[in-house]
Amino acid sequence: VCGRQFGAAAVPSLSSLIREVASEVTDPVSGRSVLDAWSTEDRGTRPRVTQTAARKFRHGQQPLPEAPEVQVRELGSGSDYTAFLEHLGVPSLDIGFSGPYGVYHSRFDDFDWMQKFGDPSFRYSVAEAQIYGTLVMRLADSDVLPLDYGQYGQAIQGYLRELDVETQREHPGARLRTGKALRAARQFTRVAGEFRVRLAQVEQGGDLDPETLHQVNQDLLEVERNFLLDKGLPRRPWFRHAFFAPGVYTGYAAAILPGVREALDRNDFESARRQLDLVQAAIGRGTRTLSQALEALSKPTQPRTPGQ
């Protein structure tokens, strides 16, 4: 938590939750929310997200104001989340305060340096604990896991559009067609939107029985696992995620759609097309699992008793 700037990397389904929590924790120096300070430091100013707006978002009364200028980055490698996300398909995040402090994994990276220079009075350590604690409580106390697959679908569409532009510019002979995968991503996004609407209706009108809640939450977790490739990435099968992996030559930085991009880098256009087909299939699996969760939400709810 050294330094002063907050940053986050996560699967797209957790980006809305991170922004919501950051809107409710106070930045120790500026006195604004962490989200406000993060936005100002990251890309300039943005409209303030108030605690009232965040509460209304949680109760389905209005959407949380979008913050496209605040970047939740993609996960690559370099921390314990690597195995959970890229081998096991567990929704993951990596957040913290950082800065140009120059002691990462050095002999000076100790308590004395932290107390004198990194975080005097440990105010940012407290803020970090508040962020993690709030995230844990939201995830533990939500009847339905707050995984936003509408955001994920939008992100996948963006990945595919970027891939199309890059391929046409750098590999015009590849004849790589992203249209089918993009249509699959749009369908995934539509089903995710229908799920969110239906969930808001259910939360307003009654309660789901425990068995249905369990099924819905299992389906929501399964969606991320649907994005794993059975045989992993070519030449490095331990990495199994269709959308994220550390780049072969980029250190910890994330490679997006790694199987496709790495094949293109080798000018192996046939392999690139096969990898894109696998991406499309992964999106289809996720759509079917989300559809199961949506179907489960369509079951009759139990009316709330007065005072609930």
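Tutor: Contact means heavy atoms within 4.5 Å. Among contacts in this chain between residues at least 6 apart in sequence, 73% join residues at least 24 apart. The model is predicted: local features need pLDDT of at least 70, side-chain atom pairs count only at pLDDT 80 or more, and totals for chains, interfaces and linings use all residues. Numbering starts from 1 along each chain as its sequence is written, and side-chain values use heavy atoms, leaving out hydrogens and water.

The chain has eleven helices and five strands (DSSP runs numbered from the N terminus: H or I of at least four residues for helices, E of at least two for strands). Of its 308 residues, 47% are buried (under 20% relative accessible area with a 1.4 Å probe, protein chains only; over 50% is exposed, and in between is partly exposed).

On the helix 7 side, the contact is made by Tyr 149, Gly 150, Tyr 152, Gly 153, Gln 154, Ile 156, Gln 157, Leu 160 and Arg 161. Facing them from helix 8 are Ala 181, Leu 182, Ala 185, Arg 186, Phe 188, Thr 189 and Ala 192. By class, the contact of helix 7 with helix 8 has nine nonpolar, five polar and two charged residues (nonpolar: Ala, Val, Leu, Ile, Met, Phe, Trp, Tyr, Cys, Pro; charged: Asp, Glu, Lys, Arg; polar: the others, Gly among them).

Follow the chain out of helix 8 and look at the loop between helix 8 and helix 9, where you will find Asp 209. With 21% relative accessibility, Asp 209 counts as partly exposed. Asp 209 and Lys 299 are 90 residues apart in sequence, and their C-alpha atoms are 9.4 Å apart in space.

Helix 9 covers residues 210-226. The axes of helix 9 and helix 11 come within 9 Å and cross at roughly 170°, which makes helix 9 roughly antiparallel to helix 11. From helix 9, Thr 212, Gln 215, Val 216, Asp 219, Leu 220, Glu 222, Val 223 and Asn 226 take part. They meet Ala 282, Arg 285, Gly 286, Thr 289, Leu 290, Gln 292, Ala 293, Ala 296 and Leu 297 of helix 11. This contact of helix 9 with helix 11 contains eight nonpolar, six polar and three charged residues.

Arg 235 is not a glycine, yet its phi is positive, about 75°. Arg 235 is also exposed, with a relative accessible area of 73%.

Helix 11 has another partner to meet. Helix 10 (residues 258-265) packs with helix 11 (residues 269-297) at an angle of about 175°, their axes 8 Å apart. Helix 10 is therefore roughly antiparallel to helix 11. Here Gly 259, Val 260, Ala 263 and Leu 264 of helix 10 meet Phe 269, Ser 271, Ala 272, Gln 275, Leu 276 and Val 279 of helix 11. The residues of the contact of helix 10 with helix 11 divide into seven nonpolar, three polar and no charged. In the loop between helix 10 and helix 11 sits Asn 267, whose phi is also positive, near 60°.

Key. Axes fitted to C-alpha atoms, helices over the stretch in contact; angles between N-to-C directions. Parallel < 35°, antiparallel > 145°, perpendicular 65-115°, else oblique.
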